[in-house]
Amino acid sequence: MRVVLGVSGGIAAYKAVSLLRRFTETGHDVTVVPTDAALRFVGAPTWAALSGKPVTSQVWDDVERVAHVRIGQQAELVVVAPATADLIAKAAGGQADDLLTATLLTARCPVVYAPAMHTEMWLHPATQANVALLRSRGAVVLDPAAGRLTGADSGPGRLPEPEALYAACLAAVAAREGSTGAGDLAGLRVLITAGGTREALDPVRFLGNRSSGKQGYALAEVARDRGAQVSLVSANVTLPDPAGVVVIRVESALDVQQAVASRVTDHDIVVMCAAVADFRPKAYAPTKIKKTHDPTGGPGGADESAPVIELVRNPDILRGLVEARGAATRPIIVGFAAETGDAGGTVLELARAKLARKGCDVLVANEVGRHLTFGQDANTVHLLFADGSPERTIGPATKVKIAEAVWDGIQALGHRSTDSNPID
Ligand code: C5P
């Protein structure tokens, strides 16, 4: 996503550095547009180095490329953090005497203002009227956080923390994209896990798996495009955060369990797409496990033996969700099964047994192997339904097409299972 980070002249400009990093580290393309006053707090070299782009506050630079118009026109999101009372007043009045205010006039994408100022300035009727005007025109103006301000005083006026700003920005983009309400998942809150867990052995090593997260991310993007509010619990995925999706980064199976448990009650559908490790090392070595050691302590007494790593079972998160739901009909719970097929049965036979064992509503089974599925863009899956609906095979198809079909299946299930409360 092409993001413009506007920074106006307040002490909280230093927090915008973390917001910039959050955007760039998640694969977004960020142009920083500070005001002159902002550059008194954080200098242009910091913004340029961290964004990888030249930085100016003036409309007189880069004139041949008509930057004062182009930056705003091309933006997919503009966020102003911090937004001072003065910047808010200028934006409300339609002034355009520097690059940031000109950009705000030309942007047609979601615009988020994160005000930060002293409480008196925030509560002043002039500021409140300007905020109301901007909101009435469709801008998102966040409420400042309350707490300690620059001096000894405290009250509303603090810039929210970078993580909260980041989430608010993605929510603004999602709201714009889903605002038509036309999508068949509009109004639904969807929680998706993606990627593969890592179970730490020591500070440098872990037990992991080959899941790339592509299928889970495709599910998240398709759900978002169909109008759902999407939260994505992402385990060790290197893909950029999908715009308009709230991404929660985790590492281990226990992290996934905690992230899901703390959110599940707020969601209508949970899709457990992540490859969650069934086992983790019983003990975590706080220092790096050495290749050799000398139990005798004598010179040249290298011990060639290898350590034995004892494993313990991880909780089955999917089964735990089903048990916690009990007799309720929500959330709809979807599991994935990566199967290789073995002497015990074909992929489909193993998947049927797994659907029964896990007790989820839908199971998406796919055949995996060293060069099958993991990291690939195309895939073949079988959809199995607990309510006895006919099984479906989808593919070979792109992971986006598979995601579409999975959501079709979940959508139809919602209509069948709860006539009084269908997904519509
Ligand atoms: O039993 P198996 O690992 O094959 O089941 C896969 C499904 O169960 C996936 O949906 C995965 O996200 C979920 N799972 C889980 N907790 C585990 C292992 C897998 O929720 N510990």
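Visitor: Phe-23 and Tyr-166, buried or exposed?
Guide: In this predicted model, Phe-23 is buried, and Tyr-166 is buried too.

Visitor: How many aromatic pairs does a search of the whole structure find?
Guide: One aromatic pair turns up in the whole structure. Phe-23 and Tyr-166 form that pair, edge-to-face, at 5.1 Å centre to centre and with 65 degrees between the planes.

Visitor: Which helices does the pair link?
Guide: Phe-23 sits in helix H1 and Tyr-166 in helix H9 (residues 162-178). The two residues are 143 residues apart, and the pair links distant parts of the chain.

Visitor: Staying with H1, which of its residues are buried?
Guide: The buried residues of H1 are Ala-13, Lys-15, Ala-16, Val-17, Leu-19, Leu-20, Arg-22 and Phe-23.

Visitor: What span should H1 have, and how far apart are its end C-alpha atoms?
Guide: Helix H1 covers residues 13-25, which is 13 residues, so at 1.5 Å a residue it should span 18 Å. Its end C-alpha atoms are 19 Å apart, which agrees.

Visitor: What follows H1?
Guide: Gly-27 follows H1, and its phi is positive, near 90 degrees.

Visitor: Sheets next. What is the strand order in the open sheet of eight strands?
Guide: The order is S12-S11-S8-S13-S16-S17-S18-S19, and the pairing is mixed. Strand S12 (246-250) and strand S19 (392-398) are the edge strands, each pairing on one side only.

Visitor: How are neighbouring strands turned against each other?
Guide: By 20 degrees on average, with direction ignored.

Visitor: In which sense do S18 and S19 pair?
Guide: Strand S18 (residues 378-385) pairs with S19 in the antiparallel sense, over five bridges. Within that pairing, Ala-378 stands opposite Thr-398 in S19.

Visitor: Which strands does H11 lie across?
Guide: Helix H11 (residues 253-261) lies across strand S8 (189-195), strand S11 (229-235), S12 and strand S13 (269-272). H11 runs at about 150 degrees to S12.

Visitor: Another topic. Where does Ser-211 lie?
Guide: Ser-211 is in the loop between strand S10 (206-207) and helix H10 (214-225).

Visitor: Why does Ser-211 count as buried?
Guide: Ser-211 counts as buried because its relative accessibility is 18%, and buried means under 20%.

Visitor: What lies 3.2 Å from a polar atom of its side chain?
Guide: The backbone oxygen of Gly-195 lies 3.2 Å from a polar side-chain atom of Ser-211.

Note on methods:
Residues are numbered from 1 along each chain as its sequence is written. This is a predicted model: local features need pLDDT of at least 70, side-chain atom pairs count only at pLDDT 80 or more; totals for chains, interfaces and linings use all residues. Side-chain values use heavy atoms; hydrogens and water are left out. Helices (H or I, at least four residues) and strands (E, at least two) are DSSP runs, numbered from the N terminus. The expected span of a helix is 1.5 Å times one less than its number of residues. Buried means under 20% relative accessible area, exposed over 50%, partly exposed in between (1.4 Å probe, protein chains only). A polar contact is a pair of N or O atoms within 3.5 Å; within protein, one must be able to donate a hydrogen and the other to accept it, and residues adjacent in sequence count only if both atoms are side-chain atoms. Rings of Phe, Tyr and Trp (its six-membered ring) pair if their centres lie within 6.5 Å; planes under 30 degrees apart count as stacked, over 60 as edge-to-face and the rest as tilted. Two strands pair if DSSP finds at least two bridges between them. Axes are lines fitted to C-alpha atoms, for helices over the stretch in contact, and angles run from 0 to 180 degrees between N-to-C directions. Contact means heavy atoms within 4.5 Å.
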